[in-house]
Amino acid sequence: MQLRSLTICAIVFFTAGLAVASFAGFREFIPGLLQGALITIQITIGGCILAVIMALVAAIAKMYGPWPLRWLAIAYIEVFRGTSALVQLFWLFFVLPHFGILLEPLTVAIAALGLNVGAYGAEVVRGAVAAVPRGQWEASVALNMPRNLALRRIILPQAFIAMIPPWGNLFIELLKATALVSLITISDLTFKAQQMNQTTFRTVEIFTIVLIMYLAISILITVGMRALETVAARGMARGR
Amino acid sequence: MFWDWNYVWEIMPQLLRASVVTIEATLLGFLLAAVLGLVLAILRMSKTSWISVPTAAVVEFIRSTPVLIQIFFIYFVFPEFGIVLPAMVAGVIALGLHYGAYCSEVYRAGLENVPRGQWEASTALNLSPYITFRDIIIPQAIPPIVPALGNYLVALFKETPLLSAIAVLELMQTAKILGSQSFRYIEPITLVGAFFLVMSLVAAALIRQVETWLNRSLRNPGGDR
Amino acid sequence: MTTPMVKFDNVTKRYGALTVLDSLNLEIAPNEKVAIIGPSGSGKTTVLRMLMTLERINDGVIYVDGEPLTHMHKNGELVPADEKHLRRVRGNIGMVFQHFNLFPHMTALKNCMEAPVHVLGLSKKEAEERAAELLDMVGLADKKNHYPNQLSGGQQQRVAIARALAMRPKVMLFDEVTSALDPELVGEVLNVIRKLGKEHNLTMLMVTHQMGFAKEFADRVCFFYGGKIAEQGTPEEIFNNPKEERTRQFLSAVLEAG
Ligand SMILES: Nc1ncnc2c1ncn2[C@@H]1O[C@H](COP(=O)(O)OP(=O)(O)OP(=O)(O)O)[C@@H](O)[C@H]1O
Ligand SMILES: [Mg+2]
């Protein structure tokens, strides 16, 4: 099955990367690299959770909220999609302290990436909700359901499956964007790579290993999302 | 006082100069991406699997890993082979490579979306493959391709601040330098953000225009205008 | 005279410049079975959708069981209804759609339980009993744990009928409920509707192209033409002695086709 082969692939890549690292005389750097990978994974998970929450809230506010909320949601979506992730990260990192808001770099990282990807996610949610056939809304009205009940119990569960693949892509985008946090002093995988590069000058090996580690994490995300899709589809009794 | 207009006017000329670098990097990077993408797409659609499979692997690899590391990689690796690239060139190559991988998928989807029946109908009409491609396939493939490429142009544009990591003097790097000189980051970084916001909103509107225009003139020539 | 269960009072519906229903007046008595027939585009579906509040009306008032549906009394005046009023009055009405509109992510039983639990506030147990009983009535006791895509069209439509009935409406609306079905499945759905008519106190409004069924089942037939009721009467009057030329043309066209 494709799922299993992907998992195996990820594990092979990861161990191969580590093997290359250890045989090429990088053994001493392995703990550092793994620490960096751990930070990268932490930020990815935190950012993904925030992104999903922001996307749901913003999409629902944009579609069904009263006008002040709707405009707020539109402003959020447009601003965070229209400016770049690095600008947002720097803005939170350099500008917020001017307003007396001092946050941990890790918090800034998760907030910036989560907000950024959440804005893209809002459009994913909106598209998936809009793709649920109109008849489902009409049946809900005919059963006298209030709108938020219909949304929660009838529409969103159906939109959920359609959202999984695009969310998989967004999560990978988020993983890739975590590399930016190395620029605000967080010692993630990219930061460690830079550090090692500056001390050893073995650029090709170092960056190849680190790229492979990112690839492995992104394959893990793909595998996880495929699995989620299978489980969700089973709940819908589709394809049976 | 959070916002200082005097300071804004003072730094404006430098930021404007830097924005030229940003736009240059965007256009050059995208040019590279568009061409490279086409090459990758053709290789990936090749019928010989020892060409198509490795190409697919490379495309997936590039797409699944951070562009920042790709920038570092290119910037630091070439000197090892004795070729010293200016930061700007290395950055443009990295961006072009990364988005070339994305663009290749756009071309591929566009070409594969033209129904098989169109090829079959053309064969039935005894059109040569060249004519079929030029008059039947390309006109149908272009309307979805162009707006998708446009979206990646905007995405690449928004990724140019990463070049600040290798000290290219584009907008973000300039803003950071200005900020560190005056200890005022609010104005430069906010202005950079505003610049990106305005440019991407304008670009998005343009892409929508082009999209409607293409749909009318290529899919439905002689239709209502 | 008893209050009509449903009353359209000078109701007008427009889409832009197109007037789909033109000052419609129609009263339906409690327990009455009304069949609506007429050519495509004459506004039949629109009548039902307005009554289900799926479409706004532009003019006039709709009453359900003597109470305004689309409007409410406020300081002695009739003003457009708010959501709360709409939901209270709408509770009297159930609808079955041409394309079933079952919830694909729920089993037949869950489809029938969802609204009773969350709208009427029934306990899970009560709702399940009610749903099981209704599924039994429509002949699907053995399919209650099937998902919609595991059921045939006719079975899905019968679940949809049970789902609407679970809300205990006083008025049931049927919009061409057999049109999307293969011919051999039409009978099972019509049988359920027949049974409903006999065993339940329900006011029914049905749009149908099954002239045979309308003739046998309905108390009254309304022939719509161009957004108006061109002719109405008992099935005998309409099918055997139509007065209007347009009715005659429509009926002969339908008979020829079918
Ligand atoms: N959402 C809409 N927007 C614009 N016009 C509409 C809309 N819905 C219906 N109409 C128009 O209203 C008129 C009446 O439509 P309706 O669906 O009530 O017809 P019908 O009698 O049910 O026809 P059929 O037998 O084909 O179902 C038609 O001319 C239709 O084109
Ligand atoms: Mg209709």
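**Entry 1: chain C, surface and charge**

I began with the surface of chain C in this predicted model. The accessible surface of chain C comes to about 11800 Å². Carbon and sulfur atoms hold 46% of that area. I then looked up the charged side chains and found 31 positive and 32 negative ones in chain C. The centres of these two sets lie 4 Å apart.

**Entry 2: chain C, fold and packing**

I listed the secondary structure of chain C next, which has nine helices and 12 strands. How does the radius of gyration of chain C compare with the globule rule for 258 residues? I read 19 Å for the chain, close to the 18 Å that the rule gives, so chain C is as compact as a globular protein of that length. I noted the box filled by the C-alpha atoms of chain C as roughly 55 × 50 × 40 Å along the principal axes. Of the 258 residues in chain C, 56% are buried. Among contacts in chain C with a separation of 6 or more, 63% come from residues 24 or more positions apart.

I moved to chain B and counted eight helices and zero strands. Read along the sequence, the pattern of chain B is α-α-α-α-α-α-α-α. Is chain B compact or spread out by the globule rule? The radius of gyration of chain B is 22 Å, well over the 17 Å that the rule gives for 225 residues, so chain B is more spread out than a compact globule. I wrote down roughly 75 × 50 × 25 Å for the box that the C-alpha atoms of chain B fill, along the principal axes.

I looked up burial as well: 44% of the 225 residues of chain B count as buried. In chain B, residues 24 or more positions apart supply 75% of the contacts with a separation of 6 or more. I found 14 positive and 14 negative charges in chain B, with mean positions 7 Å apart.

**Entry 3: chain B, what the record says**

I checked the UniProt annotations for chain B. An unreviewed entry gives "domain: ABC transmembrane type-1" for residues 19-207 of chain B. I read that span as 83% helix and 0% strand, with its end C-alpha atoms 21 Å apart. UniProt, again in an unreviewed entry, also places "transmembrane region" at residues 20-43 and 185-207 of chain B. I looked at each of these. Residues 20-43 of chain B are 100% helix and 0% strand, and the end C-alpha atoms lie 34 Å apart. Residues 185-207 of chain B are 96% helix and 0% strand, with 33 Å between the end C-alpha atoms.

**Entry 4: which chains touch**

I found no contact joining chain B and chain C. Their closest C-alpha atoms lie 22 Å apart.

**Entry 5: Gly168(A)**

Gly168(A) sits in helix H7, residues 147-177 of chain A. Why does Gly168(A) count as buried? The relative accessible area of Gly168(A) is 9%, and the cut-off for buried is under 20%. Leaving aside neighbours within four places in sequence, I found Gly168(A) in contact with Ile221(A) and Met225(A). I also looked up Gly224(A), which is 56 residues from Gly168(A) along the chain. The C-alpha atoms of these two glycines are separated by 8.6 Å.

**Entry 6: Ala179(A) and Ser182(A)**

I placed Ala179(A) in the loop between H7 and helix H8 (189-200) of chain A. Ser182(A) is found in the loop between H7 and H8 of chain A. Are these residues buried or exposed? Ala179(A) is buried at 0% relative accessibility, and Ser182(A) is buried at 10% relative accessible area.

I then listed contacts, leaving aside neighbours within four places in sequence. Ala179(A) is in contact with Asp188(A), Thr190(A) and Tyr214(A), and with Pro66(B) and Leu68(B) in chain B. Ser182(A) touches Asp188(A), Thr190(A), Phe191(A) and Leu68(B). Last, I checked Ala179(A) against Leu189(A), 10 residues away along the chain. I noted 7.4 Å between their C-alpha atoms.

Note on methods
Residues are numbered from 1 along each chain as its sequence is written. Chains are lettered from A and ligands numbered from 1 in the order in which they are written. This is a predicted model: local features need pLDDT of at least 70, side-chain atom pairs count only at pLDDT 80 or more; totals for chains, interfaces and linings use all residues. Side-chain values use heavy atoms; hydrogens and water are left out. Helices (H or I, at least four residues) and strands (E, at least two) are DSSP runs, numbered from the N terminus. The radius of gyration is taken over C-alpha atoms; the globule rule is 2.2 Å times the number of residues to the power 0.38. Buried means under 20% relative accessible area, exposed over 50%, partly exposed in between (1.4 Å probe, protein chains only). Contact means heavy atoms within 4.5 Å. Accessible areas come from the Shrake-Rupley method with a 1.4 Å probe; for residues, only the protein chains shown count as cover. Lys and Arg count as positive and Asp and Glu as negative; His and the chain ends are not counted. The place of a charge is taken as NZ of Lys, CZ of Arg, CG of Asp or CD of Glu. UniProt positions are given in the numbering used here, feature names are shortened, and annotations may be inferred rather than shown by experiment.
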